[in-house]
Amino acid sequence: MLKLFTKNFWEVVAGLMLRNRIAILIVIALTTIFLSTQWKYMRFAFTEANLLPDDNEVNITYNEFLKIFGEEGNLVVLGIKDPSLFTVEKFNAWNRLSESFKHYDEVETVLSIKDLQKLVKNTEQQKFDLEPFIKDSLTSLSEIDSLQQQLFQQYPFYDNFLFNKETRTIRTAIYLKKDIVNTAARKDFIIDILETKVKNFEDDYDLDVRVSGMPYIRTLNSKNISDEISLFIGAALLVTSFIFFLFFRSFRATLISLVVVSFGVMWTFGIIGLLGYEITVLTALIPPLIIVIGIPNCIFLINKYQNEVKLHGNKVKSLHRVITKIGNATLMTNVTTASGFATFMFTQSTLLKEFGVVASLSIISIFILSLLIIPILYSFLPYPKERHLNHLNRRWTTAFVNWMARMVKERRIAIYSTAIGLLIVSLIGIFQIKISGSLIEDMPKNTEFFRDIKFFESEFDGIMPLEIMVDTKRKKGVMKLSTLKRMDQLEDLIIETPQLSRPISVVSLVKYSKQAYYNGNPKYYQLPTSQENSFILSYAKNSSTEADLLKSFVDSTGRYARITTFMKDIGTDKMERIEENLQTEINKLFPAENYNVIMTGKALVFQKGTEYLVKNLAISLSLAILLIALFMAYMFRSFRMIVVSLIPNLLPLLITAGLMGYLGVPIKPSTILVFSIAFGISVDDTIHFLAKYRQELQANNWKIKKSVYGALRETGVSMFYTSIVLFFGFSVFTLSSFGGTVALGALVSATLLFAMLSNLLLLPSLLLSLEKSIANKETLKEPTINIIPEDDDDDDTKG
């Protein structure tokens, strides 16, 4: 009944399409115009990708920290490591550059060497005063030498913050206003103002200025993503259309396919804008992905049309058959591909959900566009010329098909041995895969801003903030000497950890206060004793300047304190060990009944997000396999056929995972996508092959060998065509400057190549070897949905 309905449905669709060609083209044009009006709502993400669900404990903790202390990622740093800086002209110019940023609305405050102030004891008024190290511009080298002497040897409070006393590296800290950090205003300030002023300074004084900090990194990252979208789209169009032309040798067919995928890209951007999603490093991949996935649709439809024209020369009949015979097949394969992407919608990660929604909707859109546009455009065009049909009888295609048939017939044991060998080797490689939770690992390595990140890592031990928040559970509990001592002991462990920078907290300020009380003697830079604490605090209470300094380290109630350190770009394993060591020390130093101490910060949130995604990888991939298995069960109604069809598609995934282990490609947000994407696409070949195989069984009176070889000859060339397009199409992602995107492109390409060979060699071999238990009328019952109708037996449906 359903089979009859399906057949009638496509007959009706074909009739409606060919009778209402102009109306359909107008609807497509109006839809495209509407979706193009939604492009204005597209925006690039101004924050790092949050891979965790909103209700995840790590996210909740991080948001609690932000409520108390505000946005932590608002620091931009400028740095110079050059002995020639310490001349009168250049040093004053550096201070003027730093000072100039204070006048912009986007800037909250600027701290440079010129802004540093000494905490000075005022005995008469029993308070601390702040006196600048530099009152006006410096006029002599002796003044600069005196300044260096004071900063680098007498005042450890500022060490590793605005200078590195060992290497004489100087930096300026620019704090952006917290309400603009995650908006477009940040980009305008960074690109139009900061970069321009820094470039002019470098040109004028022949100094190399390094720039970094989370706002700067995020801005340039977003800029790279936006730049690469056009690169990917252009490269995907060029590569896929070139391969398409090589196969078909027809400018007309190539142009039509370009029209289809161009409309698909426009619809994708419209979907992103309509849904109000941000363009992230993941959603930026979808437009070129639609080109790569859309071209195979064009291959199947145009190939079928040309076959029909060659068979009987009736254009209307040919177009009608394209819709009725290939419509169902392309629908099924596009649905399975969309299902692979749609599984990301079932994760709790907003980033992956949005990727899954846009990708699956775009894949269905490109199916609709290709099915509508190709037959309608061809209906207005003259018959294909003889030279356009020559590709259907090429010698190399016949030789390729004969090679496959010979391998399946004569070298079946070798095929199985190779498959088992690859499986064993891959399983060994899988156990060598590592997990990466680094914020900057995927960033472009050949860019100036990445080299700057490494510079600040080397000079100041990292730029990724790790925050420890101490809740004393009572007002003014932070300034208790017992709390300060506990924090100081925890900071000692941080200092001993080479991957972390020297921490900044209220402890440093209290130590500085004691140093100031003893007239700036650096040997007194330490916590006060209980006797000293009372009279040093009395000085501090009388000092409004001290209160200003406290704001960064302690909340207004005195209940919460923060310890800020910065982390180098390290692997997940090291990060986990550091976290464990710190947590052990925290548990030992801070009794749970009196304190609540949490670790948070961008670095930790990203690492936890990666761990979360790895756990969801198995769920997402399992769901994709289950959905597609159910889909195939619905089509073929045979459990044994499901098992046989899954084996050739799971083996390539295992081989790719093994390669990742051997090549040192870690599991990370970008590479996690490989498996679901590749599985959703590669299973299309299996569906095409098995559908044709079942049809051949019916036509050949259930003769197994004849049916397998018949299916192989019918589908082999088209499977090869589409796999080559997909291979080179996904390879364009290797042009990316982002390591994760390169890995994604290379791994999906490799997986699809393995999948093609697996479906063309291993799948028919399994069918032949298990013919007695699989290929009979009871096992292969009448399918619920006939992908390739029976009356097409004598046609070359797949090229």
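I started at the bridge partner of phenylalanine 163, and in β7 that is isoleucine 170. This is a predicted model, where local features need pLDDT of at least 70 and side-chain atom pairs count only at pLDDT 80 or more, while totals for chains, interfaces and linings use all residues. Residues are numbered from 1 along each chain as its sequence is written, and side-chain values use heavy atoms, with hydrogens and water left out.

**Entry 1: β6 and β7.** I noted 2 bridges joining strand β6 (residues 163-164) to β7, and the two run antiparallel. My working terms: strands (E, at least two residues) and helices (H or I, at least four) are DSSP runs numbered from the N terminus, and two strands pair if DSSP finds at least two bridges between them. The hairpin of β6 and β7 has 4 residues between the strands, and there arginine 168 takes a positive phi near 60 degrees.

**Entry 2: other partners of β7.** I looked up strand β2 (residues 75-80) next; it pairs with β7 in the antiparallel sense over 6 bridges. Valine 76 sits opposite isoleucine 174 of β7. Strand β3 (residues 107-111) is also antiparallel to β7, with 4 bridges. For valine 107, the bridge partner in β7 is leucine 176.

Entry 3: How many of the 8 residues of strand β7 are buried? I got 7 for β7 (residues 169-176), so the strand is largely enclosed by the rest of the structure. Buried here is under 20% relative accessible area, with a 1.4 Å probe and protein chains only.

**Entry 4: α10 and α11.** Helix α10 (residues 315-342) and helix α11 (residues 350-380) pack at about 175 degrees, axes 10 Å apart. The axes are lines fitted to C-alpha atoms over the stretch in contact, and angles run from 0 to 180 degrees between N-to-C directions. That makes α10 roughly antiparallel to α11 (the label applies over 145 degrees). By class, their contact has 17 nonpolar, 7 polar and 1 charged residues. I count Ala, Val, Leu, Ile, Met, Phe, Trp, Tyr, Cys and Pro as nonpolar, Asp, Glu, Lys and Arg as charged, and the others, Gly among them, as polar.

**Entry 5: α15 and α16.** The axes of helix α15 (residues 481-496) and helix α16 (residues 506-517) come within 9 Å and cross at roughly 110 degrees. That makes α15 roughly perpendicular to α16 (65 to 115 degrees). Leu484, Met487, Asp488 and Glu491 in α15 meet Val506, Val507, Ser508, Val510 and Lys511 in α16, contact being heavy atoms within 4.5 Å. I put that contact at 5 nonpolar, 1 polar and 3 charged residues.

Definitions and conventions: Buried means under 20% relative accessible area, exposed over 50%, partly exposed in between (1.4 Å probe, protein chains only). Angles under 35 degrees count as roughly parallel, over 145 as roughly antiparallel, 65 to 115 as roughly perpendicular and the rest as oblique.
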